[in-house]
Amino acid sequence: TSPRDWAENDRIRRDGTAALTECAARIGARAYVQQSVVWVARPPDGAFFDEDSPTIADPLMQSAGDGEQISQLVGPERGFTVSVLRCGMFYGANAVHTQMFRDGLRKRRIPVIGRGDAIWACLHLDDAAAAFVSVIERPQSGLWHVVDDEPVPVRDFFTTFAELLGARPPHRVPVWLARLLAGRQAVEFLTMSTHTSNSRFCRDFPWQPRYHSFREGLRQVVDEWRTSK
């Protein structure tokens with residue numbers, strides 16, 4: 001991803017949120033749902049975190065946090081509820097990065113970096129859609145983390161994915177070598193934890209993930225690819 005891509009992403013998160021909340025106010029909307037990401041509050045040490053944890057000072061995530069703040073400021077001023085849903089790592093059959101993982105694992109170009117013990121909180125796209133519907137049907141202001149029930153070490157995610165694809169297990173490479181080959185940002189993404197929980201969202205809304213863990217979700221994804229050939 002180039003700096004220009006990140007700049008466009010930031011503009012969408014900030015200017016896009018400002019535009020959408022203004023539209024919501026003009027049409028007299030009663031509820032507004034802001035999509036965000038759990039990365040905005042992940043602690044640097046990889047520890048567990050939740051909705052009460054402070055956001056982090058990360059330039060790549062700053063615009064997501066700004067989008068949250070814009071919506072939370074405008075909503076009370078203009079008379080509509082604001083629900084902020086911080087989602088985990090999306091995956092699905094039609095998701096571009098899921099397809100990139102598939103192609104990379106088949107070619108053994110996606111390694112397990114270091115010990116591979118970073119914890120990912122994942123979310124199947126179908127479960128994400130159901131979560132947004134749940135909020136729209138019972139709007140209330142607040143902030144929630146929306147992830148599946150089973151945080152997963154990165155090594156298990158990629159090893160299981162490769163197995164479901166019928167591919168060989170991914171290589172393991174040391175962190176220093178991965179930085180030389182793939183760059184700092186790519187290595188950070190594959191080695192940083194987003195260890196959080198959906199407990200508050202499940203308490204406040206009638207939602208449970210259909211795909212409770214990455215295992216069920218990835219199996220559905222691979223089955224869909226096979227049947228669509």
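Predicted model: local features only at pLDDT ≥ 70, side-chain atom pairs only at ≥ 80, totals over all residues.

Reader: Which side chain meets D52 in a salt bridge?

Author: That is R200, with an N to O distance of 2.9 Å. Next, check where the partners sit: R200 belongs to helix α8 (residues 199-204), while D52 is in the loop between β1 (31-37) and α2 (62-78), so the bridge links distant parts of the chain, 148 residues apart. R200 is partly exposed, at 23% relative accessibility.

Reader: How many salt bridges does the structure hold?

Author: There are 14. One of them joins R86 and E68, whose side chains meet at 2.8 Å, N to O. R86 is in strand β2 (residues 81-87) and E68 in helix α2, so this bridge ties together parts 18 residues apart in sequence.

Reader: Are R86 and E68 buried or exposed?

Author: Both are buried, and "buried" here means under 20% relative accessible area.

Reader: What does E150 pair with?

Author: E150 forms a salt bridge with R215, and their closest N and O atoms are 2.4 Å apart. E150 lies in the loop between β7 (142-146) and β8 (152-153), and R215 in helix α9 (residues 214-227); the pair links distant parts of the chain, 65 residues apart. E150 is partly exposed at 29% relative accessibility, and R215 is partly exposed at 35%.

Reader: Which residues are linked in a network of salt bridges?

Author: Look at E22, R26 and R78, which are linked in such a network.

Notes: Residues numbered from 1 in each chain as written. Heavy atoms only, no water. Salt bridge = Lys/Arg side-chain N within 4 Å of Asp/Glu carboxyl O. Helix = DSSP H or I, 4+ residues; strand = E, 2+ residues; numbered from the N terminus. Buried < 20%, exposed > 50% of the residue type's maximum accessible area, 1.4 Å probe, protein only.
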